[in-house]
Protein chains: 2
Amino acid sequence: MSDIPARIEAANAETLRRMLAADPVLVDVVPAHVALPRLADRMILHSGPPIAWERMCGPMRGAIAGVAVFEGWAKTLDEAEAMAAAGAFRFEPNHHHDCVGPMTGMTTVSQPLLVVENRAFGVRAFCAINEGLGKVMRFGGNDAEVLDRLRWIRDVLGPGLGAALRDLGGVPLKPLIARGLSMGDEMHQRNIACSSLLLRLLAPALARKVSDRAALAAILDFIGRNDQFFLNVAMAMGKSISMPAEGVEGSSIVTVMCRNGTDFGVRLSGVGEEWFVAPVEMPQGLYFPGYSAADANPDMGDSAIVEVVGLGGFAMGAAPAVVGFIGAGPASRAADFTRSMGEITIGQNPEWTIPSMDYAGVPTGIDVRLVVDTGVQPMINTGIAHRKPGVGQVGAGVVKAPLACFEKALVGFAKRMGVS
Amino acid sequence: MSDIPARIEAANAETLRRMLAADPVLVDVVPAHVALPRLADRMILHSGPPIAWERMCGPMRGAIAGVAVFEGWAKTLDEAEAMAAAGAFRFEPNHHHDCVGPMTGMTTVSQPLLVVENRAFGVRAFCAINEGLGKVMRFGGNDAEVLDRLRWIRDVLGPGLGAALRDLGGVPLKPLIARGLSMGDEMHQRNIACSSLLLRLLAPALARKVSDRAALAAILDFIGRNDQFFLNVAMAMGKSISMPAEGVEGSSIVTVMCRNGTDFGVRLSGVGEEWFVAPVEMPQGLYFPGYSAADANPDMGDSAIVEVVGLGGFAMGAAPAVVGFIGAGPASRAADFTRSMGEITIGQNPEWTIPSMDYAGVPTGIDVRLVVDTGVQPMINTGIAHRKPGVGQVGAGVVKAPLACFEKALVGFAKRMGVS
């Protein structure tokens, strides 16, 4: 028994080593049915831990109805809802398919997926393409405008992006993130720098590969207007970094945090595929004009994978402008959030540093023991969806990962280690 | 006599008001002979205050030889130098033509110029297009590679950019700068954010207007590879902002700071077109591998116009990464530079704020009286050129505007106010 702490330290060091050794490269965009071999027709992947239709929140139901119409499985939203309630669709978490999705996180067969390959470990992770802001499916939007945009993404943007990425031989993401951190991004609520830097890299290749000039202009315009375009790339990257860190026997490091709008789910490196789940919290934040906390859905999405690898709330020190945007206090205190997350992580990333903190690395490797010991909850920067289907985003804020998940995870970990 | 201080305060308030009321818009790119009606053939505009060939530094002589070959006035660099020494070219400062240029600042008839229109005051200012980094004419480079690039800029990039800007109806720069300040740019040694944001805006219009796909890809690639592309836009913007602030009777505010590699020149709003000149200082900075201070040319260029309007060294608090790049101390102390510049300025720009300083506006309106009273010299972030012709950039650093310029300017100002 006495060697257990040492075994955990060694396992955690290995988990962190794998995270820091990652070499994520955005390599392609491919249709989901090609990318995900186990994704069948009438299967809908969603954000967060597993959940049945009956317990799903409003925006997730709205998105499911919308995506069923988009895929041609139903003619109307009402029909789609009835089919969903009758069990016509199979629901699985994105995380069961090496995939992630923001907010409602819908992934179905015909959507184009971003492909991030972690070349240091030979694994690939996937995420749909960001739809832009406002009324979009990831926030529960599902009307004709939303579905038309998804069709354009499927037919024009996805193929164009894929061709450009193949032409470039991929875009290495580690240096891009390093640069973004020196430009005010934390890669969750703020992706302006990385979205712009990525477009700079892609634009010449798009010009070479997209022969229709109107389509080319539309693609450049769509990406250029979306300050959050990079979020989905960052998420697929986060998953590609955390995947090799899964399954290290004896490791108490968190490899997944995610939410489905009802439950918050956590997975640990050393406890295989078990989910540790607790009711999700409400984000604390600022609301767009005309909305208030009464309109808000509880926290949602797989996007917290970026916090798992040291970005988002953990990298707040790099992004003082985010602090104000999400109503989390004076901008000059941004570094306090990062320092606080340092209390529950076992290392820093020497390649992802924060200039204003004299190039301190972002805190990386959340140790479930430290979370439970200190009571410091992981801080997640997040968007806020309307609680009703079809409305969309109403604000942005910060949410704390529920302590109960980590307490359960620690119990599960202890059991696995033969301690309890 | 007793009302003189009050008159100066009122005049300075008016000067600052004009600077802050500016509405600079990047509207076009046009050949210099069209943009500048008084720019004649065989006339060469240069950076800094007036200077004769005999007193010019190495890189400026090298650039002059190069640009004379580029314009077809000489067949070889040697012939061009001999012609220059024999008085074949007329030299005038860019600033005498509502124009600015970085480092050597060459402006001649066939070069395409960026046009920034200050729509609040109906004035236009101009600057050549940034050539990229390394061996370039602004740092004294003049070989075939440098001249071929200038030809491509003249024949392909300039016309393409102009068409895109006209298609967009111009790009408003005030909000772009505001965004850049929240992304780590100070718009002198760091323009990564604004270069990227500008490309995002331009790319769709370029796709619509440049019909040759290879040319389009080359343009997108050239802009995308140049982190300093925006510098020249910022400079033309700075000039367009300071122009309406010139000529306010009784104002002790600085409207021009510039250097020709030999002399540093200052102009004051209330003292018309008189130059106050002193020997330029050596930048303190970091050198590229293989170079040292022994290789450095004294400070050079019209780029200090960005400091005149509150950017560059004055906005260092927004750009902690610059502090390290130019070897000016720990990045976490970036705000100290901005606070220090607050001691010699009469206001802050409420639209150009620094998030990490809780949205303090950049210090704006350098009062020559405050400079002389406090002895605090305006801080300028700058590139460092090799002192020999033809080599190019060898480093980057920070340089202090020589106090003697401001002492002379204060004497000139007192004379103008009838005090001495």
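How many residues does the contact take from chain B and from chain A? The contact, meaning heavy atoms within 4.5 Å, takes 36 residues from chain B and 36 residues from chain A. This is a predicted model, in which local features need pLDDT of at least 70 and side-chain atom pairs count only at pLDDT 80 or more, while totals for chains, interfaces and linings use all residues. Residues are numbered from 1 along each chain as its sequence is written, chains are lettered from A and ligands numbered from 1 in the order in which they are written, and side-chain values use heavy atoms, with hydrogens and water left out.

**View 1. Salt bridges across the contact.** The count between chain B and chain A is 4 salt bridges, where a salt bridge is a side-chain nitrogen of Lys or Arg within 4 Å of a carboxyl oxygen of Asp or Glu. Arg179(A) is joined in this way to Asp227(B), with the closest N and O atoms 2.2 Å apart. Helix 7 (192–209), helix 8 (213–224) and helix 11 (320–325) of chain B each supply at least two residues of the side of chain B that touches chain A, and helix 7 of chain B gives the most, with 11 residues. Helices here are DSSP runs (H or I, at least four residues) and strands are DSSP runs too (E, at least two), numbered from the N terminus.

**View 2. A stacked pair of rings in chain A.** The ring centres of Trp53(A) and Phe91(A) lie 6.3 Å apart with the planes at 15°, so this pair is stacked. Rings of Phe, Tyr and Trp (its six-membered ring) pair if their centres lie within 6.5 Å, and planes under 30 degrees apart count as stacked, over 60 as edge-to-face and the rest as tilted. Trp53(A) sits in the loop between strand 2 (43–46) and helix 3 (58–70) of chain A, whereas Phe91(A) belongs to strand 3 (residues 90–93) of chain A, 38 residues apart. Both Trp53(A) and Phe91(A) are buried, a word that means under 20% relative accessible area, with exposed being over 50% and partly exposed in between (1.4 Å probe, protein chains only).

**View 3. A tilted pair of rings in chain B.** The rings of Trp73(B) and Phe89(B) have centres 5.7 Å apart and planes at 35°, so the pair is tilted. Trp73(B) is buried, and Phe89(B) is buried as well.

**View 4. Salt bridges within chain B.** Glu9(B) and Arg369(B) form a salt bridge whose closest N and O atoms are 3.0 Å apart. Because Glu9(B) lies in helix 1 (residues 4–20) and Arg369(B) in helix 13 (residues 368–374) of chain B, the pair ties together parts that are 360 residues apart in sequence. Glu9(B) is partly exposed, at a relative accessible area of 47%. Another salt bridge joins the side chains of Arg166(B) and Asp28(B) (2.7 Å, N to O), and Asp28(B) counts as buried at 12% relative accessibility.
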